[in-house]
Amino acid sequence: MQLTRLNKMMIPQKINGKGILTFVLLCASVTAFAQSNNLKLWYDKPSGKVWERAMPIGNGRLAGMVYGNPERETIQLNECTLWSGGPNRNDSYSALAALPKVRQLIFDNKYREAATLATKDIKSEKINGMCYQSVGNLYLNFPGHEHYENYSRELDISKAVAITSYTVNGVTYKREVFASNADQVIIVHLTASQPASLTFSAAMFSPQKSTIVTKDKDELILSGISGDKDGIRGQDKFQALVKIKTDGGEVAASDTSVNVSKANAVTLFISIATNFIKYDNISADESLRANNYLDKAWAKSYVQLLNDHIAGYQKFFNRVSLNLGVTDSVKNPTDRRIAGFANGNDPQLVELYFQFGRYLLISSSQPGGQPANLQGIWNKEMNPPWGSKYTININTEMNYWPAEETNLAEMHEPLVQMVKDLSVTGQTTAKVMYGVGGWVTHHNTDLWRITGPVDGISSGLWPSGGVWLSTQLWDRYMYNGDKAYLKSVYSALRGAAQFYLEFLVEEPEHKWLVISPSVSPENTAGAHKGVAIDAGCTMDNQLAFDIFSYVIDAAKILNVDKEFAEKLRAARKRLPPMQIGQYGQLQEWLHDLDNPNDHNRHVSHLYGLYPSNQISPYRTPELFDAARTSLIDRGDVSTGWSMGWKVNFWARFLDGNHAYKLIKNQLTPVGLNKGSANSGGGTYPNLFDAHPPFQIDGNFGCAAGITEMLMQSADGALNLLPAIPAEWQEGSVAGLRARGGFEIVSMKWKNGKLNEVKIKSTLGGNCRLRVGNVVKLQSGVLKKAVGANPNFFYQNEQTARPIISEKAKLKAPGEKPTLLYDFATQAGKTYTLVSS
């Protein structure tokens, strides 16, 4: 359903000579659902000097962290293409000669020797990826504002506007800040309740090699170049402009600051650009770019800027609404709500956190830009943790788990483009390092699309990053069914499968085809006495099964590569099956090495459960129970992003109460969670996910997990309310997307049971529903489902029977009884089902 709504905001337009404020009515007309009035992060204290208390704004290219300090406002600035170094490669040219010996040592069970040789020759390159870096800070200094009252600040995520308000000497000051995608600038708007009250100075700072000058008394110009790293000289030039437009008052400039005196209202325009065009092209004129953005925005009034910004943002944000109920807790500041959530009753905080995840994805990933990195688009450091790169052994993939299902498909496009880039740069790595075709990338990449190993071999010697990324390209097709899109990504999909096909090697014990050398990402606890290197790790086997299956299907759909598809089928039959070990666990390695006391944050061998669909309570009950045992052994409390992943796992386990427990763990103030080697993860006061430090993947992972609790579409049917916890007995959701082109126009439930659902079909075909109570179709024929689902998008490839240890003691899956219905749909039509 599409509703047109008016967002009314009273915008101070002008202060006349008599000191009376006049207002204009701002109307943003968008196609969307009505949203809650409680979608605000708000606080009764400034951020001070704490970055994790500041409020994030972004337009996919530019970003700011707004501190909200009355006496000295700080806005920390980023531009998504400002990275250290410049175009480079990090392939290891000694790898290929060492590869046969490393493999033989692994098959001879000489893991430490294999690791030593791999460290020397396969991971010989010293370039470990460049760093995402900060542009710098904008400071607004307000003399006499050290003592204030009636303070509040908020981030309204329904409009993507940060607002700070306070009173000094009877005058109320207000600041509104937003990053406009429509105009490609950051806007800061200052007003006061009395005329001629705005007096401040504006200055900038940058940690980069840079200069700061003023121009024409109303403009600051920061010019610089990015930093060096790993022997790669900084070549990423940037320019940041701040131009000030005043209503009344006077403007003057010193060498490095602009001073405003006794103005009625002020609008600051922030424009930033770099010389980056593509990973191998940095020939743009950053100054020309920044000035072009500024000139186009400067011609607009503040009202028009805000109007265009809100309309552009809400086009995406308002597609989905969620209502889990509201209590008096919403009256408390957000940091206080986080502190009380685990032991309180605040269901709306889950709604806020879910929508905050969607806000962050819209703000950090827009078509034509870069994908959200380890910190999204927000970073204040020159050398941030893990370089704030793209960690592609879980973290980057997790960033995009909510994209399709929470109706933000356009936000997926930067990741798709990055995979296309890597499918080009990774061809050289595949050939130089491993002597095979296709393309490869390891566990990290950056703006320059490096594809060689990064860091030590316990994490870096993982040649499966490109394959995991490629599975997400296929997953996008499962939602949109667009053959033109599939054709556009087929080369990348095929290349990832080709690399695996040619890199597989026969292991001597079972004659299975395995990936070697490799690791189970970042886990040595259960491996060979702390040595991570191995062959045939479970996650690699699962990824091989998926990428082969997806390319076989894609080739059939596009009517290409029949011979290649046959080779993939033959290789798929020889992959190791999943194995259930002596403790009843899903084995993480080819051999039964798992330690029940291993609480590592990575749970890579459960990829087959989520985000993949190889493990199911209905199709693979033994594997389902074994995976559950593995997750119980891993424990709940961990790093923030790991807990976000576990919300998804427990939703797939159909255990809403346990999934909700993980949400409570994640929405716990950073540092308070205890109980494992990975303790301390949680949430910062500004709702950023805490590894710690800040990593944005946990925000996105938990948003996806909340969606999986409400709706799943990976296991042969559209499963409604599969994992509702006891705390969510009544609620509603609208706008979620499912595989096969289905959209939940609206869904309501009461007493934990489905009450009404409206489903729109965009592709047509059979809709198979799995529900917990009897429903009836208001118009059409609803039948009891029998046999395989005829809808291609819901047909699951058969998982091989597991090998089960004689010592394993397995339990029944314990899934709740459900009903399975089928009804035929036509593209473009909406269908209503109600409880019966």
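This is a predicted model: local features need pLDDT of at least 70, side-chain atom pairs count only at pLDDT 80 or more; totals for chains, interfaces and linings use all residues.
Residues are numbered from 1 along each chain as its sequence is written, and side-chain values use heavy atoms, with hydrogens and water left out.

**Pocket and cavities**

Let's start with the open space. A pocket here is an open set of points on a 1 Å grid over the protein atoms alone, with protein on both sides within 12 Å along at least five of seven lines; a cavity is a set of points where a 1.4 Å probe fits but cannot get out, and lining residues have an atom within 4 Å of a point. Points are joined across faces, edges and corners, and a volume is the space filled by probe spheres set on them.

The whole structure has three cavities of 30 Å³ or more.

| Space | Volume | Lining | Nearest the centre |
|---|---|---|---|
| Largest pocket | about 650 Å³ | 34 residues | Trp-474, Asp-475, Met-478, Tyr-550, Asn-613 |
| Largest cavity | about 150 Å³ | 18 residues | Pro-617, Arg-652, Gln-712, Ala-714, Asp-715 |

For the largest cavity, the lining splits into eight nonpolar, six polar and four charged. Helices H8 (401–405), H11 (465–480) and H13 (538–558) each give at least two residues to the pocket lining. Those labels come from DSSP runs numbered from the N terminus, with helices (H or I) of at least four residues and strands (E) of at least two.

**An enclosed helix**

How many of the eleven residues of helix H17 (residues 656–666) are buried? Eight of them are, so H17 is largely enclosed by the rest of the structure. Buried means under 20% relative accessible area, exposed over 50%, and partly exposed in between (1.4 Å probe, protein chains only). The buried set includes His-658, Tyr-660, Leu-662 and Asn-665. Among the elements covering these buried residues are helix H6 (347–364), helix H16 (640–652) and helix H18 (697–710).

**Strands and sheets**

Two strands pair if DSSP finds at least two bridges between them. Strand E3 (residues 40–43) runs antiparallel to strand E8 (residues 149–156) over four bridges, with Leu-41 partnered by Leu-155 in E8. E8 is also joined to E9 by six bridges, again antiparallel, and Glu-149 sits opposite Thr-167 in E9. E8 and E9 make a hairpin with four residues between them, where Ala-160 in the turn has a positive phi of about 60 degrees.

Elsewhere, five strands make an open sheet of mixed pairing, in the order E27-E28-E33-E37-E35. Strands E27 (711–712) and E35 (783–784) are at the edges with a single partner strand each, so one side of each has no neighbour in the sheet. Inside this order, E28 (residues 718–720) and E33 (residues 765–771) pair in the parallel sense over two bridges, and Asn-719 stands opposite Arg-770 in E33.

Asn-444 belongs to strand E21 (residues 444–445). Is Asn-444 buried or exposed? Asn-444 counts as buried because its relative accessibility is 3%. Its side chain makes a polar contact of 3.1 Å with that of His-443. Such a contact is a pair of N or O atoms within 3.5 Å; within protein, one must be able to donate a hydrogen and the other to accept it, and residues adjacent in sequence count only if both atoms are side-chain atoms. Beyond four places in sequence, Asn-444 has contacts (heavy atoms within 4.5 Å) that include Tyr-390, Ile-392 and Val-454.

Tyr-610 and Pro-611 are joined by a cis peptide bond with omega of about 15 degrees, and Pro-611 is in the loop between strand E24 (579–580) and helix H15 (621–634). Another cis peptide bond joins His-691 and Pro-692, with omega of about -10 degrees; Pro-692 lies in the loop between E26 and H18.

Asn-169 is not a glycine, yet has a positive phi of about 50 degrees. Asn-169 counts as exposed, at 75% relative accessibility.

How values were computed
Ala, Val, Leu, Ile, Met, Phe, Trp, Tyr, Cys and Pro count as nonpolar, Asp, Glu, Lys and Arg as charged, and the others, Gly among them, as polar.
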